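User: I would like a close look at one part of this structure, followed by an account of how other parts are put together.

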Amino acid sequence: MNVSDFTYLALFVAVLVAVTAPLGRWLAAVLRGEPPIWLRWLIPVERGLYRLAGIRPDEEMSWRHYTGAILVFNLLGGVLIFVLQLFQAKLPLNPQNFSAVPLGIAVNTAVSFLTNTNWQAYSGESSLSYLTQMAGLGVQNFLSAATGLAVMAALARGLSRKSAHSIGNFWADLVRPTVYLLVPLSFGFAVVLVAQGVVMSFNPYVHAVTLAGTDQLIPLGPAASQIAIKQLGTNGGGFFGLNSAHPFENPTPLSNFLQALALLALPAACVYAYGLLAGARRHAWVIYGVMLAFFLGALGLSLWSEYSSPGSAALALEGKEVRFGITPSVLWANATTVASNGSVNAMHSSLSPLGGGIALFNILLGEIIFGGIGSGLYGMVMMILLAVFLAGLMVGRTPEYLGKKIEAFEIRLAAIAVLLPCAAVLFGCAISFATEAGRSAVGNAGPHALTEIVYAWASMANNNGSAFGSLTATGDWYTWGGSVVMLLGRFGVIIPVLAIAGSLAAKKTVPPSSGTFPTDGPLFAVLLGGVIIIVAALTYFPALTLGPVLEHLLLAAGRSF
Amino acid sequence: MKPAATSNWNFALLRRATTDSFRKLDPRALWANPVIFATAAGAAAVTVVALNDLLHGHLSGFTLQITLWLWFTVLFANFAEAIAEGRGKAQADALKRARADTFARLLKDGVEQRVAAPDLRKGDTVVCEARDVVPADGEVIEGIASVDESAITGESAPVVRESGGDRSAVTGGTRVLSDRIVIRVTVEPGGGFLDRMIGLVEGASRQRTPNEIALGILLVAMTLIFLAVVGTLPLFAHYSETLAVQTGAVDVSLTVLVALFVCLIPTTIGGLLSAIGISGIDRLIRRNVIATSGRAVEAAGDIDVLMLDKTGTITLGNRQATEFIPAPGIANERLAAAAQLASLADETPEGRSIVVLAKEKFSIRERVVAAPHATFIPFAAQTRMSGVDLDGTSIRKGAAESVRDWVVAQGGTYPTEVAATVDRIGKAGGTPLVVAEGREVLGVIYLKDVVKGGIKERFAELRRMGIRTVMITGDNPLTAAAIAAEAGVDDFLAQATPEMKLQRIRHEQAQGRLVAMTGDGTNDAPALAQADVGVAMNTGTQAAREAGNMVDLDSNPTKLIEIVEIGKQLLMTRGALTTFSIANDVAKYFAIIPAMFAGLYAINGGVTGPLGTLNLMALHSPQSAILSAVVFNALIIIALVPLALRGVTYRALPAANLLRRNLLIYGVGGLVAPFIGIKAIDVALVALHLA
């Protein structure tokens, strides 16, 4: 690494931190229903949407009602993508005349996009029409992101309200961030991307003859609009199969820098917004500090591993885009795995064993280091509840968080929210190891093969969506099993979170005193970090040992896979 | 019920606990504790393996030792609970003796009948005379008697119980020493104070507290996740073997898997959880406080506001003379001598304190005043003065206006300086008594509430822990403010009525705070019931004792502070041991995982592959490593039993400091300790040729 690498990284972190507070303020204002002045001209759009759907945005919902609304809405969103895929041959905007997507893959894709996972069992340019991409996947990119923000807003309300029976209105929480934040921000970003060379076209694919004289079909499509929200909404599903390594999706070093930034910006801003909404700004900064420390730690370790791996510098470039180089690729790999984004600009399978292991570990932490938009924060709050409960007793009081007593109901649900994705990963892996369908999908040998399978299930269960490399994800086991796991990882967390929000809203708030468990100091940061590491490490110690750690040790002994 | 003078670890107790820990192997009893149930299930499974091996003649020492140590783990956990219960049972036995075979003299339509005490119903009327044992809890409705309550309080001095007023409650099992009282029974059979107390100390009626239930859920969740981890591990192992082309390189026998599982699940806190709860209640009982539920003990740790009665808690109880302030031209000694003389026959605490102050300050001796030439004038509500007529001179002390009128009536003058002093004392919250001899005003005695020594520091401590103190007093606001400032309470409630107390509690609770208070009178009952922790004085009325959720047998209002400390200590102990238990897992993984997987990718002929690097403790062999972890896991339960029973060291510190301290000891300590412990056991096992 040289000075320019360090400058690049420093610039990235500086800009990320700099945009956190302004974006967070914007987001919090929008979720409160008070859009910033310069977006007030969109108010008629918001009201028009409510009128169209017959919704009263000020109608308060209980947590059960709220959950019901989310489930119905997401089900309908999933059905829409599913139908578009099945009937795309008969629908317009299909210049390449793609036929219907096979059933298993259609279901997998529908689930994948409604859960904000964007695991891709298909390859965009060779199977989906422009309409399916735009009206199905593109729309769901916005709505799954907005769903995450809505759940976060409901949770913050649960913490800030006293003796209340409701946690807000889901429809308003869905519409507001979409209209006032995601759409305007994505529009601006898409324009920038187009200026950098990302394609935005309804034309059929271009046929070309290469210098070597072979025929080549160059795919096009309305990509820029989808890529903007793909990054901003922590979706990560590429318009093209190669995702952000594709030159039409991520053409220049600048577009690369901006996209890497975009994929972390809103999850980071969510932390700040949560602080404002829950009335705990100092606490939010502590959470932010923990997340940043984990991110920088993972980044540092990966870079060290990548640059110190045996072999030449050219070998270290294997699986990476030369136009980006090693440092930006490693930065991206970490950003996309701590955030539940999952877009890739390099092949994670080709990272050094530890580098790939760290990307895997980032996901296994539960997508709570910035994590998904909204979902990263509420997932982190579940972890905080566990941390507060475990250690809170040590100050001689029954545990409380932001003035709310944490009791059996909350612990049961927080445990479910943390446990379900873990169990999904472990059992998904176990069945894959035990079955031919599971094993035969692998394209690697040795511990690397084990890592590849663990990575796949971790990515799906935690709604990340990136793949390790050469896993063949089109078989029935991975498509159907993956669909179940993605749903578990999304709604197995959302439902407990909302139940907790409802339960906390109904509680009184204990005013803080010097006897209160402190959640806004460096001590809490250390505690929280410790609990996150211990929970992930204890659950995945064997898996990580048999995968990346073993591979690393073997590589050190001169064996590679 | 006095604090046990003998050691907690006497032989009988240990023997009883040992037999109990085997009795608790009953699956139905184990089911109450899922973590230990899972451990026992694992132990049973390994036992089947061991027996099968034995039948086939290839039982290894390793399997045998693992089996034994897994059962030890279960037994140690049972032992922890049994020893905590044992201490209560010994006390319950003593209490039961007081209850045994009592007969009651039931009054029915004025006719006395002899019935067995357990047949009494609520509302029955019974008679008790000297030497009778009170058959049930009730209220004196007629008569007055001295009662020996030592059976429940351990206090041998008899107490007076009388109808009406605040001393009307009697407790079943106590003995009437004199006179005759008629009692109306206020409880149904089995619901009496003594019954509840026995149930409580026996642990029979002990329900798990809300926080214990929540912690239990978390422990179950951890058990489940480790069940998933260990359950899927053979598949991880087999696949790794396939990839390494080394079938059989990994030992995933049931014995090893169960060993790993038991080491990972939180057996330490699971085994000690109920012992911590029982011993918390036990600590209260040792301080002569009976809690009606464990929930109240837990709530005590959460208290934000303490409502304390001024009298008896904050001040010594009565006003005391603290200063003589002479009128102009009068010597201090003369004033003191006159004041003492006037108070010689005054047996009120105020009067005694004047005599004592004169003696202390000016060495004026109590003179024996011969009765013939001295006439003592007792205090009367009309004159508001008392004093003495001696050798032709009259000395009076009393309220300023009364003494002024008395002096002026004799043609004397009332100095303005004295009037100013009286004003000053009144404003400072004290009570001025003016002393006059004949027509001459000698000066003023300054009477004031004396704040108990050390109480101010105690309140400062509470404040550091985030607990506010509110003083309740019937005094006027001026007096109250002065005492509040001197005692260092955070707030006061002056001229307090029971309604005001209730209102104040509701107000604090509405803001989310938890309130504790003490009380004894019937009119305290609503406030006691409303408070989150209501401690009734044992000397109080039955209504108060029913309303509170704790009873202090010593009737010492300062006890409330200790109760809060016990509650906090209970919660801290639970949190500390949970943290310790979970932090332990890291080392156990580092012992067992390398042991299981070291064979993978071993270079031809070698035993240890690359994962041997993770054997940070350099344990002797895979078998010794696994065995050491299991042994450590079992022994740590026994090692921590004293801590669970005693509670972690309690310090009055702000939450942040407590957290830092406990996190360092039990969190970091929990990470490091097993590395050392497992290594030491490994060395010992190898030295003893056990592995």
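At what angle do the axes of helix α7 (residues 170-196) of chain A and helix α9 (residues 253-278) of chain A cross, and within what distance do they come? Please describe the contact between these helices, and then go on to the packing elsewhere in the two chains.

Analyst: The model is a predicted one, and the values below are computed from it. The axes of α7(A) and α9(A) cross at roughly 165 degrees and come within 10 Å, which makes α7(A) roughly antiparallel to α9(A), since angles over 145 degrees are counted in that class. The crossing of these two helices is left-handed. On the side of α7(A), the contact is made by Leu181(A), Leu182(A), Leu185(A), Phe189(A), Val192(A), Leu193(A) and Gln196(A), and these meet Leu254(A), Ser255(A), Leu258(A), Gln259(A), Ala262(A) and Leu266(A) of α9(A). By class, the residues of this contact divide into 10 nonpolar and three polar, with no charged residue.

Chain A also contains a hairpin, formed by β1(A) and β2(A) with five residues between them, and Gly213(A) in its turn has a positive phi of about 90 degrees. Its two strands, β1 (residues 206-209) and β2 (residues 215-218) of chain A, pair in the antiparallel sense over four bridges, and within that pairing Ala208(A) has Gln216(A) of β2(A) as its bridge partner.

At the level of domains, the assignment for chain A gives domain 1 as 3-280 and domain 2 as 374-556. The C-alpha centres of domain 1 and domain 2 of chain A lie 23 Å apart, and the contact between them takes 43 residues from domain 1 and 41 residues from domain 2.

Turning to chain B, helix α12 (residues 332-343) and helix α13 (residues 349-362) of that chain pack at an angle of about 145 degrees, with their axes 9 Å apart, and α12(B) passes α13(B) in a left-handed crossing. Here Asn332(B), Glu333(B), Ala336(B), Ala339(B), Gln340(B) and Ser343(B) of α12(B) make the contact with Gly351(B), Ile354(B), Val355(B), Ala358(B), Lys359(B) and Phe362(B) of α13(B). The contact of α12(B) with α13(B) has six nonpolar, four polar and two charged residues.

Another helix pair in chain B consists of α16 (residues 455-464) and α21 (residues 559-597), which pack at an angle of about 30 degrees with their axes 12 Å apart; α16(B) and α21(B) are therefore roughly parallel to each other. Their crossing is left-handed. In this pair, Arg458(B), Phe459(B), Glu461(B) and Leu462(B) of α16(B) meet Ile561(B), Glu562(B) and Glu565(B) of α21(B), and the residues of the contact comprise three nonpolar and four charged, with no polar residue.

Note on methods. Residues numbered from 1 in each chain as written. Chains lettered and ligands numbered in written order. Predicted model: local features only at pLDDT ≥ 70, side-chain atom pairs only at ≥ 80, totals over all residues. Heavy atoms only, no water. Axes fitted to C-alpha atoms, helices over the stretch in contact; angles between N-to-C directions. Parallel < 35°, antiparallel > 145°, perpendicular 65-115°, else oblique. Left-handed = near helix turned anticlockwise from the far one by under 90°. Contact = heavy atoms within 4.5 Å. Nonpolar A, V, L, I, M, F, W, Y, C, P; charged D, E, K, R; others polar. Domains from an automatic or database assignment. Pairing = 2+ DSSP bridges.
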